[in-house]
Amino acid sequence: TNFIKKNKIDVLFAHNSCHPVNFIYAVALPRYYRDAIALGEKTPKYIVWWHDSHLERKHFLNPPNDVSNYLLQGIPGNFVEYIIFINSLQFKEGKHYFKQLNKRSKGFFELIERNHDVVYNTTGEVITKFKDLQKESFEKKVESFIKDFKIKELCDKKKCKLKDMVFCLQHTRVVERKRIDFALLYCYELLKELKQRGLSKAMYFLVSGTSAGADSSRKKLEKLNNDLIKDTGIKDLFLVFAEDYYDKTKLVFEDYPNIFAKLGGITTYFSEVEGFGNNLLEVLGSGLIPIIYRYPVYKRDIAKYKFKVIGFDKYELDSKQIDQAIEVLTNKKN
């Protein structure tokens, strides 16, 4: 209330106020509207940017009754005037929930049915053609990456040359739904085949995002990697987390797709669910050809644009997708 009055807010865009991670402010906002309206005060136009919601995460789907009551009060609550979704599935998936809200506030469902729209996430084109990767700015970023991440020292230690190493980028945060575990399984199979064909000796697998606070995904990935080393006998796949180098480099999250494209690498994106796919768009905008799982929103909203990807419909390893990745790595025209 103090913030809105002090800054004389006319229009309020509430980002992710439909997600329990932002539980306190999501519940506080409708209480401000409730009290202000009761006092006859003018309130800002209330627009929710429905980036994610509890309806899209399995572990949020069955709240106890008292929590459910708070959800209906404030996520997004019944004072919202307009909702902007980021994909075309969200309104359909939220219909049942909006009808629950309608029981508390008659006419709410009809209001939102009328007052909503879809605004897709976007990213800029970092390159418009592959020759753009020859620019000096990209050269400098690659040089910084090799120096700051001590890539040459790693090559010397493992007795391989830079040209013998495949670079694979996992351009996401470290959370379970990103299915980095499957990406690792895939990359071990890919490196095994590359070694058998005499095409590569090692792989550098970088996860560019941060680890989620209470999520134990990183520890699970490190254990999985150790298990895969034992099971496959492959000791030349290097699982690296960029967060360990944040204080050792000036490179930022947005730089890594450019760097891996310049290095002729590949990228994995096996998320089982996404609101849209910001990071997928970012790697495509840098000229990388991603190896992906075709999650529901991808199928509905992105596939129609026919981006060049290597796609999975199941979390099952297949020689076809291994061969496609090798074609990308060896055919510079791609």
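Figure 1. Two strands are taken as paired if DSSP finds at least two bridges between them. Ile84 has Asp117 of E4 as its bridge partner. The open sheet holds four strands in the order E1-E2-E3-E4, with parallel pairing. Strand E1 (11-15) and E4 each have a single partner strand and stand at the edges, so one side of each lacks a neighbour in the sheet. From one strand to the next, the twist averages 20°. Helix H2 (residues 23-38) packs on this sheet, where it touches E1 and E2, and its direction makes about 155° with that of E1. Such angles run from 0 to 180 degrees between N-to-C directions, with axes fitted to C-alpha atoms, for helices over the stretch in contact. Residues are numbered from 1 along each chain as its sequence is written. Because the model is predicted, local features need pLDDT of at least 70 and side-chain atom pairs count only at pLDDT 80 or more, while totals for chains, interfaces and linings use all residues; side-chain values use heavy atoms, leaving out hydrogens and water.

**Figure 2. Helix H4 and its kink at His96.** Helix H4 (residues 90-104) comprises 15 residues and reaches 21 Å from its first C-alpha to its last, close to the 21 Å expected at 1.5 Å a residue; the expected span is 1.5 Å times one less than the number of residues. A kink of about 45° is centred on His96, the bend being the angle between axes fitted to the seven residues ending at a residue and the seven starting there. H4 lies across E2, E3 and E4 and runs at about 140° to E3.

**Figure 3. The buried residues of helix H4.** Gln90, Phe91, Gly94, Tyr97, Phe98, Leu101 and Asn102 are the buried residues of H4; buried means under 20% relative accessible area, with a 1.4 Å probe and protein chains only. These residues pack against strands E2 (45-50), E3 (82-85) and E4 (116-118), and against helices H3 (65-74) and H5 (108-114). Contact here means heavy atoms within 4.5 Å.

**Figure 4. Cys155 and Cys160.** With a disulfide defined as a pair of cysteine sulfur atoms within 2.5 Å, the count is zero. Cys155 is in no disulfide, and its nearest cysteine sulfur, that of Cys160, is 4.1 Å away. Cys155 counts as buried because its relative accessibility is 3%. Cys160 likewise counts as buried, at 11% relative accessibility.

Figure 5. Six strands, in the order E7-E6-E5-E8-E9-E10, form an open sheet with parallel pairing. Strand E7 (237-241) and strand E10 (310-312) stand at the edges with a single partner strand each, so one side of each has no neighbour in the sheet. Neighbouring strands are turned by 20° against each other on average, direction ignored. Strand E5 (residues 165-170) and strand E6 (residues 202-207) run parallel and are joined by six bridges. Val166 stands opposite Met203 in E6. Helix H7 (residues 151-158) lies across E5, E6 and E7, at about 130° to E5.

Key
Helix = DSSP H or I, 4+ residues; strand = E, 2+ residues; numbered from the N terminus. Buried < 20%, exposed > 50% of the residue type's maximum accessible area, 1.4 Å probe, protein only.
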